[in-house]
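Have the structure open and follow along.

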Amino acid sequence: MVQPTVGILHPGSMGAAVAACTAANAAEVLWCETGRSTASVERAAQFGLTPVSTLAELLGRSDIVISLCPPAAAEDLARDVAGHRFAGVYVEANAINPTRVQRIAGLLEPDATVVDGGVVGSPPVGGKMPTVYLSGPADATERIEALFAGTAVRAAVLGTEIGKASALKLAYASFQKTSRVLVALAVGMAREHGVDQELLDVASKRADSYLSEPQYVAKTAARAWRWGPELEEAAAALEAAGLPPEMLRAAASTLARWHDAKDDGELTLTDALDRLAQP
């Protein structure tokens, strides 16, 4: 079987690692370096991705394109791709709600075949093995399954309906990310009254509680710039289902207080709680 050429839009920490996994079953993995940051250039080089100078070149050479970008940019990016009449398989793998995925499918079809994707788990580095859930036309999802076969990314097909994969991703994110925000608020309140260690002692007796992992608050703060928009997407999905979205929107608002901690790997629990307490 002829190996496909894959294009990744754009190689962030998740996108670059996921794209690198496809190299095992692809002829080449491309990314567009124009307008990207120095960090993106370094990351793409680290993962062995091949740079091209324009989006048109990437799309012209790619059989499969994977979109993994901040949620707010997903539709604009898809619109740019549609403008070039891309005719391959477009994997919409961003953390966006099902309605937006369906709109993106409308933008790209009938030229492209759209697969809905949702990545659950951490980037596939250091032994971590996330799952990319897929839904869409069977022949296209089979191609994406083959692309990740034998790699650190597991592919799981949920069916042919566009929106199923995104719904699963956001349902999980709703719990996981909001729970981390609640930990930060609980520890912050306890610290204000000098009982934070006692709170952690109580939580340590329940090993299945996120509250027993307060060190993760700093990681939550560093990821807030991505998690907040994901929770806004999840809130929109709840609202579309007739369910109350206020809790997730409140969690997103809390995460916004950490926006300036973007990808800060040196942040401590104390630093994160101090920033959280500053409006």
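Which residues in H10 meet which residues in H11? On the H10 side they are Ala224, Trp227, Gly228, Leu231, Glu232, Ala234, Ala235, Ala236, Leu238 and Glu239, and on the H11 side Leu248, Arg249, Ala251, Ala252 and Leu255, where contact means heavy atoms within 4.5 Å. By class, this contact has 11 nonpolar, 1 polar and 3 charged residues; Ala, Val, Leu, Ile, Met, Phe, Trp, Tyr, Cys and Pro count as nonpolar, Asp, Glu, Lys and Arg as charged, and the others, Gly among them, as polar.

Before going on, a word about the ground rules. This is a predicted model, in which local features need pLDDT of at least 70 and side-chain atom pairs count only at pLDDT 80 or more, while totals for chains, interfaces and linings use all residues. Residues are numbered from 1 along each chain as its sequence is written, and side-chain values use heavy atoms, with hydrogens and water left out.

Back to our helix pair. H10 covers residues 224-240 and H11 residues 246-255, and they pack at an angle of about 165 degrees with their axes 8 Å apart. Helices (H or I, at least four residues) and strands (E, at least two) are DSSP runs, numbered from the N terminus; axes are lines fitted to C-alpha atoms, for helices over the stretch in contact, and angles run from 0 to 180 degrees between N-to-C directions. H10 and H11 are therefore roughly antiparallel to each other, the term for angles over 145 degrees, with under 35 counting as roughly parallel, 65 to 115 as roughly perpendicular and the rest as oblique. H10 passes H11 in a left-handed crossing, meaning that the near helix is turned anticlockwise from the far one by less than a right angle; clockwise would be right-handed.

H10 has another partner in H7. Their axes come within 9 Å and cross at roughly 125 degrees, so H7 and H10 are oblique to each other. This crossing, too, is left-handed. Among the residues that meet here are Lys169, Leu170 and Arg180 in H7, and Trp227, Glu230 and Leu231 in H10. The contact of H7 with H10 divides into 6 nonpolar, 3 polar and 5 charged residues.

Now for the spaces. Rolling a probe the size of a water molecule over the atoms shows where empty space is left. On a 1 Å grid over the protein atoms alone, a cavity is a set of points where a 1.4 Å probe fits but cannot get out, and a pocket is an open set with protein on both sides within 12 Å along at least five of seven lines; lining residues have an atom within 4 Å of a point. Grid points are joined across faces, edges and corners, and a volume is the space filled by probe spheres set on the points.

The largest pocket holds about 1400 Å³ of space. Ser13, Met14, Pro123, Trp225 and Arg226 are the closest to its centre of the 49 residues that line it. H7 gives the most to this lining, with 5 residues, and by class the lining has 24 nonpolar, 12 polar and 13 charged residues.

The largest cavity holds about 30 Å³. Its lining has 9 nonpolar, no polar and no charged residues, including Val18, Ile66 and Phe148.
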